[in-house]
Amino acid sequence: MSFIRNARRLAVVFGDQLDIDSPVLAALDKRRDAVFMAEADGEAKHVWSSKMRIAVFFAAMRHFAETLRSEGYRVVYDALEADSPKRSFSDVLGENVERLEPETIHVVEPGEWRVRRGMEKLCKELDVPLRIEADTHFLCSADDFRKWAEGRKSVRMEYFYREMRRRHGILLDDNGKPVGGDWNYDKDNRGSFGKEGPGDDLPVPPRFRPDKTTRAVLDLVNTRFADHPGACNEFAWPVTRKDALAALDAFIRDRLPLFGDFQDAMWSDEPFLYHSLLSAALNLKLLRPMEVIRAAEKAYADGTAPLNAVEGFIRQILGWREYVRGVYWWKMPGYLDGNALDADADLPDFYWTGETDLACLRAAVGQTLRHGYAHHIQRLMVTGLYALLLGVRPRDVHEWYLAVYVDAVEWVEVPNTLGMSQYADGGLMASKPYAATGKYIQRMSNYCASCPKNPTKATGDDACPFTTLYWDFLLRNEERLRGNQRMSLQLRNLERLSKDRRKTIRETAARLRGK
Ligand code: FAD
Ligand code: SF4
């Protein structure tokens with residue numbers, strides 16, 4: 001228990017708000033006000049969070065509390081111990097509010113709709129006014145996004161991204177036109193490693209060895225959350241601003257130059273490739289999006305990284321990251337209940353263990369449980385694709401993604417999972433479902449070479465489940481997707497299947513579903 005006995009204002013800082021420039025901190029009087037942070041079982045169990053995800057959040061929070069103290073803030077930090085009683089965040093905050101008797105409670109907009117409503121309810125019950133500050137970390141506010149989106153025929157990311165480039169003056173020439181002449185170099189960013197693979201000179205991302213503070217968290221997680229999925233014994237994530245900046249520097253220098261070329265490629269036993277691994281540091285707010293964008297832009301100006309890599313990387317942060325946050329706050333809370341394709345299958349158990357003989361899923365789930373990380377195409381076109389084709393309930397898919405990744409916070413996870421990956425919003429985010437056969441995975445990786453299944457086969461003992469389920473997905477959703485122009489080629493191919501072939505595919509798919 002902290003020795004701080006009273007606070008005029010109490011600034012509540014959540015685990016994904018570790019921003020030293022946060023507006024709630026700037027407004028505090030360091031002598032009279034206090035900062036409140038807490039580790040709560042409820043937040044680790046709200047979805048069955050993986051050990052690595054819990055460890056990253058708690059380790060970053062403890063380090064942030066140390067930074068705040070060193071800068072003179074009065075900090076009330078409620079840390080979990082292996083044997084402390086189970087308590088929810090509201091219980092801990094409620095007790096501290098009764099003790100500290102603040103006149104007001106201050107928070108930055110939380111990253112989750114549930115948490116925002118929870119804070120409003122709690123403060124009403126406690127009879128303490130709540131002040132919610134806009135989150136200055138982001139480059140587009142929730143209100144500005146809503147204004148941009150409402151009344152538009154199409155709310156596709158590409159239009160939003162161009163506007164953000166113009167608004168913030170990113171990668172523009174002196175006439176305000178996109179550098180290089182095009183807004184988007186995605187067509188150059190779909191390379192695979194061919195048969196040779198990524199080679200021996202693949203750059204190794206920096207590993208951040210756990211210090212004493214992080215080691216205490218790892219011990220806590222391994223005892224208190226021992227039954228949670230995955231492991232945290234290979235912990236190497238940056239959990240301080242200093243380490244996050246070092247991770248950014250290493251990425252810009254070593255991996256950005258080839259980030260674009262191999263953005264979509266996958267390779268066995270190479271979980272990171274040319275990706276930045278910066279999502280957790282960004283979502284914890286140890287890094288600011290604009291400093292990351294400017295660092296990439298400078299690499300282009302200095303001639304150390306080509307335009308396709310720099311534009312592709314900036315699009316992810318200035319475009320996708322801001323866009324999905326806008327969609328989340330625009331469409332919540334109803335967005336979470338979307339199920340446009342009426343999917344009702346269970347999530348396969350191997351998503352929680354990695355135990356499957358399907359090589360691509362074993363690799364993607366395996367590295368997820370080991371590192372809390374898989375890159376975008378593994379999430380979208382391996383684990384996400386399989387759940388989509390199988391017809392898993394979108395809510396269950398969402399809970400898995402929120403539980404297992406070190407960068408998972410609802411504002412970013414929900415639109416990516418429900419919208420982009422599962423088409424549960426009926427096409428608000430994606431112009432068509434991301435449905436593909438195993439041949440896509442074969443083209444973009446070497447997984448199929450070590451798999452007992454054959455990506456070209458939809459039926460038979462060695463049929464690839466992706467390929468079987470792809471055709472079955474089209475058969476099940478044919479009527480629903482018929483009006484979608486972008487599906488017309490896929491549906492025309494479906495029409496070519498004979499009656500017998502359709503029947504065999506349906507039977508094979510039913511066996512895969514255990515029906
Ligand atoms: P890089 O490939 O190096 O990309 C650079 C940065 O761009 C990332 O760090 C991230 O901040 C941003 N970014 C890239 N793609 C997206 C995107 N689609 N949406 C938002 N930001 C993006 N990202 C999360 O941060 N948290 C999540 O919980 C999350 N869940 C996802 C669930 C599904 C089903 C899918 C398909 C994607 C999800 N993503 C999520 C987006 C993306 O997969 C991750 O941001 C990325 O893989 C993180 O790895 P990286 O830092 O190496 O990214
Ligand atoms: Fe995955 Fe199918 Fe390839 Fe096996 S054959 S690795 S299941 S895509």
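**Close-up views of a predicted model**

**View 1. The second largest pocket and its lining.** Its lining residues comprise 18 nonpolar, six polar and six charged ones (Ala, Val, Leu, Ile, Met, Phe, Trp, Tyr, Cys and Pro count as nonpolar, Asp, Glu, Lys and Arg as charged, and the others, Gly among them, as polar). Of the 30 lining residues, Phe14, Gly15, Glu43, Arg114 and Val115 lie nearest the centre. Two or more residues each come from α2 (41-45), α3 (51-70), α4 (89-100) and α5 (113-126). A pocket here is an open set of points on a 1 Å grid over the protein atoms alone, where a 1.4 Å probe fits, with protein on both sides within 12 Å along at least five of seven lines; lining residues have an atom within 4 Å of a point.

This is a predicted model, in which local features need pLDDT of at least 70 and side-chain atom pairs pLDDT 80 or more, while totals for chains, interfaces and linings use all residues. Residues are numbered from 1 along each chain as its sequence is written, and side-chain values use heavy atoms, without hydrogens and water.

**View 2. Where domain 1 meets domain 3.** Because domain 1 (9-133) and domain 3 (350-512) both contribute to its lining, the second largest pocket lies between them; the bounds come from an automatic or database domain assignment. The C-alpha centres of these two domains are 38 Å apart. Twelve residues from domain 1 and 14 residues from domain 3 make the contact (heavy atoms within 4.5 Å).

**View 3. Strand β3 beside β2.** Strand β2 (residues 34-38) runs parallel to β3, joined by four bridges; Val35 has Val75 as its bridge partner in β3.

Note on methods. Chains lettered and ligands numbered in written order. Pairing = 2+ DSSP bridges.
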